[in-house]
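Good morning, and thank you for coming.

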Amino acid sequence: MMKNRLINLVYQLAALVLAFGVVSLILLSVDAPPSEAYTNMFKGSFGEMRKFAEVLVAFVPLLLVTAGLLVTFSSGLWNIGVEGQVVLGAIATTWVYRLFLDSDLHPTLIIILAIIGGMFGGAIWAALTGILKVFGGVNEIFGGLGLNFVATALTIYLIFGPWKRPGVASMSGTVPFPDEFSLPLWQNLRISPWALGIALAGIVVVYFLLQGTYFGLRLKAVGKNFRAAYLLGIPTWQYSMYSFLVCGALAGAAGAMQVAAVYHRLIPSISSGYGYLGLMVAMLINYQALWAVPVALFFAALNIGSIQLPIIMKLDSSLSGVLQGVLVLFVLLAAGVRQKFGRKA
């Protein structure tokens, strides 16, 4: 077991080195020194406490989404619709906030209800993908992608329709909620310790769910061999639905954090692409929950650090996206090479 883990680590480190090598060649092709670009990205992420707090702001939804995806991946399902589940979580959170705007309830209770509402919203949206797959025979990739488009369209409709600002509809989103509806932040920083705690709790729960419970064992059995699991008496379609619900709830929590701790309103791009980024993180860690925290932090730092590239070096900030994509491609390639040589050994 230890030997296998070491071999995996070697392959993944090789993929990391190759990815940075390719991106360095791209940088050299536009006359940009790679070392300077990487230094600026590092300083942009960890150079000051304020910048590191921004990294954590991106880290929170990314970790929650990754945690959810580990569950669906374990059951052998490609939940591409996780992006829409984040959006529906944000919509449901906004709906609960609007419902209690003039309520006498304590703001803390309203925040808790809003986050729970967000989790329900994400879970219900994920369940639709599951229903399409289990009862309609629609592949979860196509069903999820379709629902992503619907979720985005629904957000735009609400912002420019029923929830628009009084007298004017704006791309800046709905009317901001009162300050007491926001999760408390660290002094002079944009990160909420509560949001960070919820994200870390999410990955811990998923780790123990998959590693230490009968439920997790059955879930992985379904993912490894659906037919064999069915023949052994495991209710396979029910476990597929459970995995969608758990993943949707965590993605919905990510959407709730975006509303309650970051934007304090519903905006058109409320998910910020964390659903798709979470897919890359989950693939990169080979579906091992233990690695979710450092790798999600690494991806969040890349996103925030790359903002320095256009400011200091006049380069496009999308370079971090290139690095992330190349990284995932090399990791998948390394996994393929390892499987090929593993069979021959």
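Let me start with Tyr 97, which is in contact with Ile 110, Ile 111, Ala 114, Phe 177, Phe 181, Val 259 and Ala 260, its neighbours within four places in sequence being left aside. Contact here means heavy atoms within 4.5 Å. Before I continue, please note that this is a predicted model, in which local features need pLDDT of at least 70 and side-chain atom pairs count only at pLDDT 80 or more, while totals for chains, interfaces and linings use all residues. Residues are numbered from 1 along each chain as its sequence is written, and side-chain values use heavy atoms, with hydrogens and water left out.

Where does Tyr 97 stand in the largest nonpolar core? This core has 90 residues, and Tyr 97 and Phe 299 are those with the most contacts inside it. By nonpolar core I mean a set of buried Ala, Val, Leu, Ile, Met, Phe, Trp, Tyr and Cys residues joined through side-chain atoms within 4.5 Å. Buried stands for under 20% relative accessible area, exposed for over 50%, and partly exposed for the range in between, with a 1.4 Å probe and protein chains only. Helix α3, residues 49-74, gives the largest share of the core, 16 residues. Helices (H or I, at least four residues) and strands (E, at least two) are DSSP runs, numbered from the N terminus. Apart from this core lies another, of 11 residues, with Ala 37, Met 313, Leu 315 and Leu 323 among them. As general background, nonpolar side chains tend to be buried together in soluble globular proteins.

Phe 299 brings us to helix α12, where the buried residues are Ala 292, Val 295, Ala 296, Phe 299, Ala 300, Ala 301, Leu 302, Ile 304 and Gly 305. This helix, residues 292-305, has 14 residues and reaches 19 Å from its first C-alpha to its last, close to the 20 Å expected at 1.5 Å a residue. The expected span is 1.5 Å times one less than the number of residues.

I return to one partner of Tyr 97. Ala 114 lies in helix α5, residues 107-134, and is buried, because its relative accessible area is 0%. Not counting residues up to four places away in sequence, Ala 114 touches Thr 93, Val 96 and Tyr 97.

Thr 94, in helix α4 (residues 82-99), counts as buried at 0% relative accessibility. With neighbours within four places in sequence left aside, Thr 94 is in contact with Trp 163, Phe 177, Val 259 and Leu 266. Thr 174 is placed in the loop between α6 and α7 (193-212) and counts as buried at 1% relative accessibility. Its contacts, again without residues up to four places away in sequence, are Ile 159, Trp 163, Arg 165, Arg 265 and Leu 266.

How many salt bridges are there? The count comes to 4, a salt bridge being a side-chain nitrogen of Lys or Arg within 4 Å of a carboxyl oxygen of Asp or Glu. Glu 54 forms one with Arg 190, the closest N and O atoms being 2.9 Å apart. This pair links distant parts of the chain, 136 residues apart, with Glu 54 in helix α3 and Arg 190 in the loop between α6 and α7. Glu 140 and Lys 133 meet in another, at 3.1 Å from N to O; Glu 140 is buried at 5% relative accessible area, whereas Lys 133 is partly exposed at 30%.

Finally, the surface. Trp 78, Leu 132, Val 138, Ile 141, Phe 142, Leu 145, Phe 149, Tyr 276 and Tyr 287 make a nonpolar patch of about 830 Å². Patches are made of residues with over 30% relative accessible area and no salt bridge, like charges being joined within 9 Å and nonpolar side chains (Val, Leu, Ile, Met, Phe, Trp, Tyr) within 5 Å. Accessible areas come from the Shrake-Rupley method with a 1.4 Å probe, and for residues only the protein chains shown count as cover. Helix α6, residues 140-160, supplies the largest share of the patch, 4 residues. Phe 149 is in helix α6 and counts as exposed, because its relative accessibility is 65%.
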